[in-house]
Amino acid sequence: MHHPFTPVAALPVDPLNARVHEEGWQSWSPSGPYAPGDRPYRPTNDNWATVCYRPGVTVPEGTFQGEGLLALDPGDGSPTRLWAAVDPTGEVPSIRLTVTDGLAEVAADGPVKEWTGTGIQDVLGGWADSLGLEPPRPAPTVWCSWYEYFTNVTEDDIHENLRAMDTLDLPVDVVQIDDGYQKALGDWLTLSGRFRSREGIADAIRARGRRAGIWTAPFLVDPASDLATEHPDWLVRSADGGFTHAGRNWGHDLRVLDTTHPEAAAYLTDVFRTLRSEGYDYFKVDFLYAGALDGVRHQDVDALTAYRDGVRRIREAIGADAYLLGCGAPILLSIGLFDAMRVSPDTAPHRRPEADDYSQPGQDPAEFTGVGRQWQHGRLWTNDPDCLMARPAVETRERWAAHVEATGGLMASSDRLLSLDEWGVRTTRRLLSGGAR
């Protein structure tokens, strides 16, 4: 439910030196500082507006907007200001700022509290410190199948890279199987034809002294999946009686699992308990924005509550000792729920994102938002800047590796390891040896 915007502050700024930090809604939403005259990054089509930004929210032209957090360095030597959600895991107001004739005017559509600091990262970090969270535990180092194999990954690919880790002497703690092992989104326990045994490959990983990790998108459902066909009552409905639309991806208009439905919730628990019992103890849960989409659920709870309850159910199923990495997740709503969090859009073997939309895969958007959210690292969770890609085919691989290293966050390699040249092997080994700091 959106409330009207009410003024919260007005203050003079230096139009040349001022900077405004917008905090985006979820992992992939552009977040970072702008000069007053800059055009902030906005969705370039309606689908990406749903999948990568705050759904249903349009920002007027010439307006800056943060979701739950917006910071302003006035640029005139006066303190940096932050306007922050009062209850960040319960209500995330949109906060707007416009600059006219050297005057910044701030308004919000919900309760916010003002903070001051000596710079944008400082004031955001101070706010995060005030939440009093436990520091995140040390992150494992990871090898992930995604950026080499994408959805075509096979069980044999995993075996090949397992052997290569030993041959190349790479300090990989976790071997994480990404998207492609499952038959369909929603049918998590049914294998695609490219894998023979989920338990078998987990055993093979552990037999080499490494931990087994696995990817899911737990709140998304492919309309062609067995789950959608057999249990349409497990899906979130729109107000008009159709299904809540979670955007289009993988060539399908996606649906949302209603985790407030007792049978759907039991299924979610069963999926994660099963994976845990098969030997997986590192879980990358992705496209989590879907769990916070508005719609008609079995229980009359708001979408934000349903999201947090759904993530808690996953944590309960995998156990406190398993490692939980969020991605595509509403940032403020996720506070206190994850060990690590993707804090940027996806990287890519190329720099520029499609249509210059800074929510889309590319090294440029991943760096912009990853740097803008550096304040979260070690305070809210271990930051995941996304994977290192060090193979020769990757554009500007040296610059991307330097960004990943500078974050001090989760270190994950995502190359076919046998494709690495000498620089690639050396860089991958060095970054994995550093681990999260």
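Analyst: One term to start: Ala, Val, Leu, Ile, Met, Phe, Trp, Tyr, Cys and Pro count as nonpolar, Asp, Glu, Lys and Arg as charged, and the others, Gly among them, as polar. This is a predicted model, where local features need pLDDT of at least 70, side-chain atom pairs count only at pLDDT 80 or more, and totals for chains, interfaces and linings use all residues. Residues are numbered from 1 along each chain as its sequence is written, and side-chain values use heavy atoms, without hydrogens and water.

User: How many nonpolar, polar and charged residues are in the lining of the largest pocket?
Analyst: The lining has 13 nonpolar, 11 polar and 11 charged residues.

User: Which residues lie nearest its centre?
Analyst: Tyr41, Arg42, Pro43, Tyr53 and Val59. A pocket here is an open set of points on a 1 Å grid over the protein atoms alone, where a 1.4 Å probe fits, with protein on both sides within 12 Å along at least five of seven lines; lining residues have an atom within 4 Å of a point.

User: New topic. At what angle do H4 and H5 pack?
Analyst: About 0°, with the axes of H4 (residues 155-168) and H5 (residues 198-207) 11 Å apart. That makes the two helices roughly parallel (angles under 35 degrees). Axes are lines fitted to C-alpha atoms over the stretch in contact, and angles run from 0 to 180 degrees between N-to-C directions. Helices are DSSP runs of H or I with at least four residues, strands are E runs of at least two, and both are numbered from the N terminus.

User: Which residues meet there?
Analyst: Glu155, Ile158, His159 and Leu162 in H4 meet Ile201, Ala204 and Ile205 in H5. Contact means heavy atoms within 4.5 Å.

User: And what is the strand order in the open sheet?
Analyst: S3-S2-S5-S6-S9, with antiparallel pairing. Two strands pair if DSSP finds at least two bridges between them.

Notes:
Parallel < 35°, antiparallel > 145°, perpendicular 65-115°, else oblique.
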